[in-house]
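The following exercises concern the structure shown below. Each task is followed by a worked solution.

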Amino acid sequence: MQCPKCGWEQSDGLPECRMCGVIFARLAGARQPASHAMPADHGHEDLPPLRHLNRDGWGHLVIGMALAAAALLFRLPLIALDGLRTLFHEFGHALTGWMFGCPGIPAFDLMNGGGVAVIWEQHTGLLGLVYIALGGTFILMRRNLWAIGVLAILTVPYVICAHTRGHEVIYLFMGHGMEMVFAGIFLYRGLSGRSIINPLEPSLYIMTGAFITLRDIGFAWNLVFSPETRMTYRIGKGGMHNDFHRIADDYLHTGIPDVAAVFLLCAALTPILAALTFRYENRLYLLWDELTDRHPLQTG
């Protein structure tokens, strides 16, 4: 048979495409439209099937992990992938700054190496645009009580952070945090095989995600347990303090190991969350349909 989505030829009777990972039952219409209410007592037979790695998936995982290990050992791929990691890092600072009304520009630091993101003071007009967007979302989703509840839960801490120094801590942390976001996305893409054009892509996705994760776990581990690493980190570069140094000293008034320990936990959880997202992908799609349905049917 041929996959209706990507055209890949494979044996009959398979539940999903070995190339793109699409569930054939969903393409055939088995995926039901949103039930318009959070399922209170679904039996297992009513839930979409869990995903699992097939033989090709395990092959991509092994190859990707081996390539990540090789990249950590050899200088040339290390430099290239660290450059990509730096780009994600500075993008994380800038994007989070904009989310809180603080304009930011990510860039490479050609003088001292690595990268640098210039973040300006919070602009009331930009923050007002964010509130307008939030208000518009509430209006659009007003008939979906579950969506309104989730939005409210997310909006309250956002408002608190936006009007305190909390947003500064967040955009400082989200430099390294965005590295883990992209690492998780790459790991998920490699495991799921979604929208793959070249058969080598899953292995390369896993390689990149695993490299960033292992690199950051090692970085955080050394900050927590190595006094020499912390001393070097405190020196900074070009007279500027590093992110965790600023968070620890200027905002939380704690030690760098405490901040690094939080990031170590985030880095360790990233591959676990990516694997769980892959495994429960179909159910997460169903949940997303529930939460983004603007016109849920009224029952009862």
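**Exercise 1.** Is Cys3 buried or exposed?

*Solution.* The model is predicted, and the value used here is computed from it. The relative accessible area of Cys3 is 3%. Buried means under 20% relative accessible area, so Cys3 is buried. As to its place, Cys3 belongs to the segment before α1 (24-27). Between the C-alpha atoms of Cys3 and Glu16 the separation is 8.7 Å, and these residues are 13 residues apart along the chain.

**Exercise 2.** Determine how helix α3 is oriented relative to helix α7, and describe their contact.

*Solution.* Begin with the axes: those of α3 (residues 75-99) and α7 (residues 201-225) come within 11 Å and cross at roughly 80°. Angles of 65 to 115 degrees count as roughly perpendicular, and therefore α3 is roughly perpendicular to α7. Next, list the residues in contact. Helix α3 contributes Leu78, Leu81, Asp82, Leu84, Arg85 and Phe88; helix α7 contributes Met207, Thr208, Phe211, Ile212, Arg215, Asp216 and Phe219.

**Exercise 3.** Classify the ring pair of Phe100 and Tyr158 and locate both residues.

*Solution.* The whole structure contains 15 aromatic pairs. For Phe100 and Tyr158, the ring centres are 4.9 Å apart and the planes lie at 15°, so the pair is stacked. Phe100 is in the loop between α3 and β1 (104-108), whereas Tyr158 is in helix α5 (residues 145-162); the pair therefore ties together parts 58 residues apart in sequence. Both Phe100 and Tyr158 are buried. Elsewhere, ring pairs join Phe88, Phe91, Phe182, Phe186 and Tyr205 into a cluster.

Definitions and conventions
Residues numbered from 1 in each chain as written. Predicted model: local features only at pLDDT ≥ 70, side-chain atom pairs only at ≥ 80, totals over all residues. Heavy atoms only, no water. Axes fitted to C-alpha atoms, helices over the stretch in contact; angles between N-to-C directions. Helix = DSSP H or I, 4+ residues; strand = E, 2+ residues; numbered from the N terminus. Parallel < 35°, antiparallel > 145°, perpendicular 65-115°, else oblique. Contact = heavy atoms within 4.5 Å. Phe/Tyr/Trp six-rings, centres within 6.5 Å; stacked < 30°, edge-to-face > 60°. Buried < 20%, exposed > 50% of the residue type's maximum accessible area, 1.4 Å probe, protein only.
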